[in-house]
Amino acid sequence: MTEGDINFNNEIMYSDCPVCGGEKTLEVTNRTDNIPYFGDILETSVSCKSCGYQSSDSISLEHNDPVRYTLTIDDSKLNTRVAKSQTATVTIPELGLKVEPGPKSQGYVSNVEGILNRFESAVIRAIKLEGEEIPYEVRENALNIIDYLSKIKIGELSTLLVIEDPFGNSVIDDDDAQKELLKQEEADKLQTGFTTIDQNEVE
Ligand SMILES: [Zn+2]
């Protein structure tokens, strides 16, 4: 990325701190940035010089049409680029795997292998969380999923990968990927993970 691709501006304001109640001790920095695949985002970070409270959040300023990408993935698709915005839901329907956006969701640019690895770690984390009390079927199911994911990676199996984004800022960048626009009622059913604001209100 060259500097020409980035257009940003910084704006600092002072506000009262919600944590310690300090008057005008909270430094609020708003920064707009343009990120490949994701377009314009607004990053807001706050830090209190009295109590040290810190927080940051980013909001997409792009409102593209709601979109769904589907791709049959196997070992030949491991390097396919995937851009997943904060608002995207990623699903592998056949395995019952789904990641919905939450308030702490991050957008990222990865590839199919990276997505499979993320699912794998999530399943492993879930098994560990259950600990020794884990029901037999749950454990078997989790192990089957991990087995399936690794068989996709070595080309023994294939499955469908789906990314749905109500703000259209996600992409499966592959000629074989199917792109369809979501109907508004389908888009409304998706979690967005954060509050969205009208661009007009920002300016
Ligand atoms: Zn404070």
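1. Strand β5 and strand β12 pair in the antiparallel sense over four bridges, where strands are DSSP runs of E of at least two residues, helices are runs of H or I of at least four residues, and both are numbered from the N terminus. Two strands are said to pair if DSSP finds at least two bridges between them. Within this pairing, the partner of Tyr-69 in β12 is Lys-179, while Arg-68 has Glu-180 as its bridge partner in β12.

2. Before going on, please note that this is a predicted model, in which local features need pLDDT of at least 70 and side-chain atom pairs count only at pLDDT 80 or more, whereas totals for chains, interfaces and linings use all residues. Residues are numbered from 1 along each chain as its sequence is written.

3. Strand β5 (residues 67-73) also pairs with β10 (residues 159-165) in the antiparallel sense, over seven bridges, and in β10 the bridge partner of Ile-73 is Thr-159. Five of the seven residues of β5 are buried, so this strand is largely enclosed by the rest of the structure; a residue counts as buried if 20 or more other C-beta atoms, placed from the backbone, lie within 10 Å of its own, as exposed if 12 or fewer do, and as partly exposed in between.

4. These pairings belong to an open sheet of five strands in the order β8-β7-β10-β5-β12, with antiparallel pairing. Because β8 (97-99) and β12 stand at the edges, each with a single partner strand, one side of each is left without a neighbour in the sheet.

5. Ala-177 lies in the loop between β11 (171-173) and β12 (178-181), and it counts as partly exposed because it has 18 C-beta neighbours inside 10 Å. Its C-alpha atom is separated by 5.6 Å from that of Thr-70, although the two residues are 107 residues apart along the chain. Leaving aside residues up to four places away in sequence, Ala-177 touches Tyr-69, Thr-70, Leu-71 and Ile-172, contact meaning that the C-beta atoms, placed from the backbone, lie within 7 Å.

6. In helix α1 (residues 112-130), the residues Val-112, Ile-115, Leu-116 and Phe-119 are buried. Seen down the axis of α1, its buried residues fall within an arc of 100°, so they line one face of the helix; the arc is that of the directions from the helix axis to the C-beta atoms. The face turned away from this buried side carries the exposed residues Ser-121, Arg-125, Lys-128 and Leu-129.

Definitions and conventions
Contact = placed C-beta atoms within 7 Å. Expected span 1.5 Å × (residues − 1).
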